[in-house]
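This report describes side-chain contacts, helix packing and model confidence, in that order.

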Amino acid sequence: MTDLSVKSDITPAVSVRALNPFRLFWRKYGAAYLMLLIPVCFFVLFSLYPIAWAVKYVFYYYDGVRPERFTGLANFRRLMDDQIYWSSLWKQALFSLKIILELPLAFMLALLLSSQLRGKNAFRAMFVMPYILPASTMALVVYILLNPYNGGLNQLLLALNLIDQPIAFLSGGWTAFVSGMVLDAWQNFGINMLLLLVGLTSIPKDVYESADIDGATGWTRVRYISLPMMGRILQMILFLSILGTLKSMGPFLVLTDGGPNNATELTFLYIFHQFFGGDAGTNYGYGATVAVFTALILVVISIGYFKLTKKMDYHN
């Protein structure tokens, strides 16, 4: 009887070990991998495949109509001599300076809304609304407001006797560029405010209570408590803001389409024109070359940014 009982106890363990390792793995992780299958397929279809397609056409001339033609490094040689592209890179970097306006405004509003302010939920919704609305719709509204003939802004300035005649904001190079920067900052500061608000509310209250006991108030609390403890989220918000502006066409596609005289031709707007037709016509091969080269620049900037901002994360 004792031998039989021992054998009966051992049998289940042996049967489990005898199972196929693949069946054990599938029983444990199969459902998780099935749920990941759809996003992975979308990633391959809409990310990896377009990247492979772009890398291939770097070495071809293709206008979408005639058969593709292998051109070797001709697209790279054209890129090196393309003054419009190099000028667009400078404009893209200049455009990214809008975060100097955008992030401080977002942080001040986040500080205000993290306090005991009446109606703060309504203010949150109002500030985030420009980010929710389509960028093309926002740009079209601003285009109407800046119209030199019957635009609301010109009518207001004339009524206040601040100007003698309407200003063509979108016809001048610098005025058009600054108008686009202000519009893009206005559209994106709301989401940054929301992220900063999340960071502020995640700081434990007992830290502030200890600071109050020590007599820390106002800017001292912000400087020595809020900012250091929000280092990680500030690092990511700043990174996303820089990367977003460096790969943005901004509102210029609707407002100026790169004009006047390429004054608002940002890099990714220039890439858009190469793919979908601009002054020089459609050239998928050259557009792919510009896109791949610009993507490599963004990778280098991203790596350099995280190396330079390691100290922003107080957990390290």
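Leaving aside residues up to four places away in sequence, F127 is in contact with L109, L113, F189, G190 and M193, where contact means heavy atoms within 4.5 Å. This is a predicted model, in which local features need pLDDT of at least 70, side-chain atom pairs count only at pLDDT 80 or more, and totals for chains, interfaces and linings use all residues. Residues are numbered from 1 along each chain as its sequence is written, and side-chain values use heavy atoms, with hydrogens and water left out.

F127 also belongs to the largest nonpolar core, which has 23 residues; A110, F127, M193, L196 and M230 have the most contacts inside it. Such a core is a set of buried (under 20% relative accessible area, 1.4 Å probe, protein chains only) Ala, Val, Leu, Ile, Met, Phe, Trp, Tyr and Cys residues joined through side-chain atoms within 4.5 Å. Among the elements giving two or more residues to this core are α5, α6, α10 and α11, and α5 supplies the largest share, seven residues.

Two helices (DSSP runs of H or I, at least four residues, numbered from the N terminus) pack against each other as follows.

| Helix | Residues | Residues that meet the other helix |
|---|---|---|
| α9 | 173-201 | N192, L195, L196, G199 |
| α12 | 231-246 | I233, L234, I237, S241 |

Their axes, lines fitted to C-alpha atoms over the stretch in contact, lie 10 Å apart at an angle of about 170°; α9 and α12 are therefore roughly antiparallel (over 145 degrees).

The chain averages a pLDDT (the predictor's confidence in each residue, from 0 to 100) of 83, and 91% of the residues score at least 70. Over residues 4-11 the pLDDT is below 50. Where pLDDT is low, the predicted coordinates should not be read in detail.

Terms used:
Axes fitted to C-alpha atoms, helices over the stretch in contact; angles between N-to-C directions. Parallel < 35°, antiparallel > 145°, perpendicular 65-115°, else oblique. Buried < 20%, exposed > 50% of the residue type's maximum accessible area, 1.4 Å probe, protein only.
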